There are 2 protein chains.
Amino acid sequence: MNKAQEVSPVVADLVIKNVRQNAGASVNVAIVDGKIASVGDHVANAREMIDGGGAIMIAGLVEAHTHLDKTLLGMPWYRNDVGPRLIDKIENERVQKRALGIDPVRQSARQVVLSISKGTTHIRSHVDVDTECGLAGIEGVMATRERYKGAIDVEIVAFPQSGMLVRPGTVELMKAALEMGAEVVGGLDPSSMDRDPKGHLDVVFGLAERFGRPVDIHLHEPGELGAFSVELIIERTKSLSMQGKVTISHAFCLGMPDQDYVARLIDDLAAAQVHIMTSGPASRPVPPVKRLQEAGIVVCAGTDGMRDTWGPYGNADMLERAMLVGLRNNFRRDDEVERALDTCTFGGARVMDLQGYGLDVGCKADFVLVSGEILAEAIVTRAPRQLVVKNGRVVARDGKALIEAE
Amino acid sequence: MNKAQEVSPVVADLVIKNVRQNAGASVNVAIVDGKIASVGDHVANAREMIDGGGAIMIAGLVEAHTHLDKTLLGMPWYRNDVGPRLIDKIENERVQKRALGIDPVRQSARQVVLSISKGTTHIRSHVDVDTECGLAGIEGVMATRERYKGAIDVEIVAFPQSGMLVRPGTVELMKAALEMGAEVVGGLDPSSMDRDPKGHLDVVFGLAERFGRPVDIHLHEPGELGAFSVELIIERTKSLSMQGKVTISHAFCLGMPDQDYVARLIDDLAAAQVHIMTSGPASRPVPPVKRLQEAGIVVCAGTDGMRDTWGPYGNADMLERAMLVGLRNNFRRDDEVERALDTCTFGGARVMDLQGYGLDVGCKADFVLVSGEILAEAIVTRAPRQLVVKNGRVVARDGKALIEAE
C-alpha cells in the first residue's frame, strides 16, 4: 500500500521514524501541513522527530455510531434497574436526563477526550432531539465539537430517540437541528416506534432531500418487520438518488433465520449502496459482516451508547469494538480479524465520506500507533495507544489524551 | 455479608485496611495463617499492613474452563488460516503442537502467571490427552501446578480433545492421566466426535466411577443432538449418584429455539445438580445464565482457549469474562451484571468444590482488590488489579504478578 520513498521537499513538521504501516515493513513517515508528505526509508529534516519503535501505524479509528450527549462518564455510578423493553429504556432516559443532570456539554466532552486517548480521530454521534430536551443535546455536542476541533472531528446526527410522529413538535425540532449544525438526518424504528413506517420514512427522507443531507436510521426492528423497513429505505434511497448517502444502524433483521430473504436484502442493499453499521452486540441477531463486505456493502462500527442509563458497558475503544465485532462474527483467521478492524477504520471513513483518509502520501495525518507484531495482535491485546496524531499534531501519548475534559 | 468486628486474638500476618467487601462498607481485614481472621472496624496488630484505599474486595476469581497446555502466549504470532469446521481446528492443532513447538510446561506457566496478575486464584484446566501427544500435556501442566503452588491452585481435567473411541489407545491414556494426577474426567461431543454417544459416555462415567472423580464434558453439539447428550449425561449422573459432581461445558444446545424442550432440560439438570460452564461466546447459542441460576443450577465461566491455534482472542481476565457473559446475556441492570460476576467467582468455586472459599471470617485468604464504586463498575472498567492475595500472601500488585514465568 505504501508509495515508495517520496522525498519531502521541505522541512517536515513532524517525522515518525520506524513505524510499520498496517504491520508492513518499517518506514519513516513525514508530515507537512497536517498531511502525510512522505513514506519510506528517507528521514526528512524535521522540526520534531518521534521514534515509533517499530509500532504498527493504522489510520485513525472511526467511531461511526455513538451517543455523546448522554453518557454518564465521570458521574456517580447509576444503579440500573430499568425494565427489559426498548420503551422502558427510552422513557427512563428522558426522566433521568433531568433527574441526574446529564449535561450534554460536559458529558460529550468527557467521552470525546476518552475517544482521543484511544486513537479515535473521527466520531459520528447521534444526538437526541425530542420535545423535552429540545435542542439542548445538539447545542451541547456542537459546543464540544467546537472546543475540540483540530483534535477530533465530530459529525452530528439529529436523532429522534423518542419518536417523531408520535410526539408532535419533534419534526420542527429536527428541522431546527439541521439548520443549526447537525449534518445528518436520523431516524428510528419506523414501525415499532412511530407506528407508521411510510409516514416516518417520508419525513426522514423529506428532510434529507430538503437539506441535502445524508441519512442514518436506527433499525432495531426484528426479523421480517425490520426487513420491510429495509425495503422501504432502499426504495427511497433509489428514488431520491441517495446511493452511498444512507446508513442503516444495527439492522438486526439481517441476522434473521430466513436466509433466502436475507440474501435478497443483501443484494438490494448493495445495489442501492446503503451502508450498514454494527456494534457487534452479543445478545442480538447481527448483520453478517463478512457476507455484507463480500457483497460490496460498506460496513462501519460503533460503540453505541456507552456507560449510560441503557447499560454500563463500553470504554470508547474502537480496537475493543473490533474485537467484539470479531467475536460476534466468529472471526478467527487473521484475514477475518482484519475485516473487523476495517469496520472501525476505512468502513467508517467511507460511511462518513471522509476526504483524505488513509496512510498514503497526500492523506491527512490522522493515525494511531498500536502495539503488536501484526494487526490481529493489536486488536486482541489492545495495549494503551502509543501515539495518536490528528491533523499532523500529537493529541495523545501512552494512552493519555494531551487535552483534558474540564 | 460481613461478620461484625471479630477481633483477631494474635498478631495478624497481614492486615488490609479500608476495603469494601463486595462494594459494601469500609472494613479492615486481618489474615492469620492464610485465613481471614477478622473483618470489621478493628485494626489488628499486624506484621504487614496494606492500605486498600477504599477499593472493592472480591473473592479470588475462578477460571473454571481453560486450556493451559496449548496457549501460544509469548510465542511468535501464529497466522491463523484454519478452516471453519470443529474438526479442522482439532486436526490443525495436533499438527501445530509439533510444528510450532508448543511446550506445555512453558506455555502453561505463561498463562498461569498472566492469570495471577488478573486476580485469578483458582483454575480448572482441561489438558489434551491423545495418542500423539500422549501424557505430555498432563505432565507439563502438573509441573506448572507444582511450581506455582501457593500462588494459584490448578485442577486438571484429562481431556480427550481428539476423541476417545475413534482413536484406539486413548482410553488407556485417560486412565494413566487420572492415575498420574489429573483430578477430573473429561469428555467431548459424544455423538459428533466419537460417533457413539452411549459408548463415549459409558467410558467417561466408567472412569469417574472407578477413580471416584468428577466429570466435566465439552458439549458443542447443537440443538436437539446436544439435548440428547444432555439427557444421557443426566441419566448417568443420577444412576451413579454423582449429583453435584458433573459439569457440562459450553452446552450450546441450551440456547436452542425450542423453549419447551429447553425448559424440561433445565428442570432435569437442576434436579440432577449438573453444573453448566459458559464462556459467553458471542457467535454461538448460549445457555441462558439467569434462567439457569434461578432454577438453582450452578453456572461457572471460563476463558476457554486463549491465544491458541483456534483463535487469537483472550487475555485470561475473568473480569473481562464477566463482561462478555453479561453482554451475551443482555445483562444491563446492576443485579444482572452481578450475576455475571458470580459465574466468575462463587459459581466456579462451587463447581470446583472449593473449601473455605469466600470473604467471611474463617475463609481462605484468597481475594482481589478491584477498582470501582460498585461491582458492576469494576467489571465494565477492568482496571489493573490493585492487589491479589492467595493463601494470605500478596501474589500480584498493580496488575503485575510478583512471580515470573521464566
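## The parallel sheet of chain B

In this predicted model, chain B holds an open sheet of eight strands, which follow one another in the order β6-β7-β8-β9-β10-β11-β12-β13 with parallel pairing. Helices (H or I, at least four residues) and strands (E, at least two) are runs assigned by DSSP and numbered from the N terminus. Two strands are said to pair if DSSP finds at least two bridges between them. Strands of a sheet pair through backbone hydrogen bonds, either parallel or antiparallel. At the edges of the chain B sheet stand β6 (61-66) and β13 (299-301), each of which pairs on one side only. From one strand to the next, the twist averages 25 degrees.

One pairing within this sheet joins strand β10 (residues 215-219) to strand β11 (residues 246-250) of chain B, in the parallel sense and over five bridges. Here Val215(B) stands opposite Val246(B) of β11(B). Helix α5 (residues 197-211) of chain B lies across β9 (184-188), β10 and β11, and it runs at about 175 degrees to β9(B). Such angles run from 0 to 180 degrees between N-to-C directions, and the axes are lines fitted to C-alpha atoms, for helices over the stretch in contact.

## The parallel sheet of chain A

Chain A also has an open sheet of eight strands with parallel pairing, in the order β6-β7-β8-β9-β10-β11-β12-β13.

Strands β7 (residues 120-128) and β8 (residues 153-159) of chain A pair in the parallel sense over seven bridges. Within this pairing, His126(A) has Val157(A) in β8(A) as its bridge partner. Helix α3 (residues 136-147) of chain A lies across β7 and β8, running at about 175 degrees to β8(A).

## A loop glycine and a salt bridge

Gly150(B) is placed in the loop between α3 (136-147) and β8 (153-159) of chain B. Leaving aside residues up to four places away in sequence, Gly150(B) touches Lys390(B), Asn391(B) and Arg393(B); contact means heavy atoms within 4.5 Å. The C-alpha atoms of Gly150(B) and Val395(B) are separated by 9.2 Å, although these residues are 245 residues apart along the chain.

A salt bridge is a side-chain nitrogen of Lys or Arg within 4 Å of a carboxyl oxygen of Asp or Glu. Over all chains, the count comes to 43 salt bridges. One of them joins Lys97(A) and Asp128(A), whose closest N and O atoms are 2.7 Å apart. This pair links distant parts of the chain: Lys97(A) belongs to helix α1 (residues 86-101) and Asp128(A) to strand β7 of chain A, 31 residues apart.

## The interface between the chains

The contact between the chains takes 35 residues from chain A and 36 residues from chain B. About 3400 Å² is buried between them, and carbon and sulfur atoms give 55% of this area. Buried area is the accessible area (1.4 Å probe) that two parts lose on being put together, summed over both. In chain A, the residues that lose the most area to chain B are Trp77(A), Tyr313(A) and Arg332(A), together 24% of what that side buries.

Three salt bridges are counted between chain A and chain B. Glu320(A) forms a salt bridge with Arg382(B), with the closest N and O atoms 3.0 Å apart. On the side of chain A that touches chain B, the elements giving two or more residues are α9 (318-328), α10 (334-343) and α12 (375-381). The largest share, six residues, comes from α9(A).

## Basis of the description

Residues are numbered from 1 along each chain as its sequence is written, and chains are lettered from A and ligands numbered from 1 in the order in which they are written. In this predicted model, local features need pLDDT of at least 70 and side-chain atom pairs count only at pLDDT 80 or more, while totals for chains, interfaces and linings use all residues; side-chain values use heavy atoms, with hydrogens and water left out.
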